[in-house]
Amino acid sequence: MREQAIPILRVVDAAESVAWYGRLGFVKRWEHRFEPHFPAFVEVARGEVKLFLSEHAGDASPDTLVYVWVADVDEVAREFGVAVEEQPWAREVHLRDPDGNRLRVATPSEE
């Protein structure tokens, strides 16, 4: 097994969040509920990048910030209609998911 860290993001509506993260190229891998009407806990992945989306109130704080490296930040910028910002380390966009979690999506600068 490869070691990794997987951020957990607090969401109110997992289905809505899965659709939003789908616009970023993430795909739902699995969903768990202790009972049919209990809060959902979902894994979404984009290649090797994974996020957990949790409807459980105590799992994570709103307004979390996650930094995601991608091969083409311009494609993400077009999908969301936002401008790419030039930083010394990367070209990046700043996004907020439906629950206010912040994402900085970036392509590293050429060295």
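This report walks through the aromatic pairs, the strands and the nonpolar core of a predicted model.

## Aromatic pairs

Let's start with the rings. The model holds 7 aromatic pairs. One of them joins Trp20 and Phe80, whose ring centres are 5.1 Å apart. Their planes meet at 55°, so this pair is classed as tilted, given that tilted covers the range between stacked, under 30 degrees, and edge-to-face, over 60. The two partners come from distant parts of the chain: Trp20 belongs to helix 1 (residues 14–22) and Phe80 to helix 2 (residues 73–80), 60 residues apart. Trp20 is buried, because its relative accessible area of 12% falls under the 20% cut-off. Phe80 is buried as well, at 16% relative accessibility.

A second pair to look at is Trp30 with Phe41. Here the ring centres lie 6.1 Å apart and the planes are at 25°, so the pair counts as stacked. Trp30 sits in strand 2 (residues 27–32) and Phe41 in strand 3 (residues 41–46), with 11 residues separating them in the chain.

## Around Phe80

Together with Trp20, Tyr21 and Phe26, Phe80 makes up one aromatic cluster. The ring of Phe80 also has a charge over it: the charged end of Arg23 is placed there, 4.1 Å from the ring centre.

Next come the strands. Strands of a sheet pair through backbone hydrogen bonds, either parallel or antiparallel. In this model, 4 strands make an open sheet with the order 5-8-7-6 and mixed pairing. Which strands are at the edges? They are strand 5 (65–69) and strand 6 (85–86), each of which pairs on one side only.

Strand 7 (residues 90–96) and strand 8 (residues 102–108) are joined by 7 bridges in the antiparallel sense. If you want a landmark along this pairing, find His94, which stands opposite Arg104 in strand 8. Helix 2 lies across strand 7 and strand 8, and runs at about 30° to strand 7.

## Strands 1, 3 and 4

Strand 4 (49–54) has two partners to follow. With strand 1 (residues 8–10) the pairing is parallel, through 3 bridges, and Arg10 stands opposite Ser54 in strand 4. With strand 3 the pairing is antiparallel, over 6 bridges, and Arg46 faces Val49 across it, standing opposite that residue.

Strand 3 and strand 4 also form a hairpin, with 2 residues between them. Gly47 in this turn has a positive phi of about 60°.

## The nonpolar core

In soluble globular proteins, nonpolar side chains tend to be buried together. The largest nonpolar core of this model has 24 residues. Which members touch the most others? They are Tyr21, Leu24, Leu53, Val76, Leu95, Leu103 and Val105. At least two core residues come from each of helix 1, strand 3, strand 4, strand 5, helix 2, strand 7 and strand 8.

Leaving aside residues up to four places away in sequence, Leu53 touches Leu9, Val11, Ser17, Val18, Tyr21, Ala40, Phe41, Val42 and Val44.

How values were computed:
Residues numbered from 1 in each chain as written. Predicted model: local features only at pLDDT ≥ 70, side-chain atom pairs only at ≥ 80, totals over all residues. Heavy atoms only, no water. Phe/Tyr/Trp six-rings, centres within 6.5 Å; stacked < 30°, edge-to-face > 60°. Buried < 20%, exposed > 50% of the residue type's maximum accessible area, 1.4 Å probe, protein only. Lys NZ or Arg CZ within 6 Å of the ring centre and 35° of its normal. Pairing = 2+ DSSP bridges. Contact = heavy atoms within 4.5 Å. Axes fitted to C-alpha atoms, helices over the stretch in contact; angles between N-to-C directions. Core = buried A, V, L, I, M, F, W, Y, C linked by side-chain atoms within 4.5 Å.
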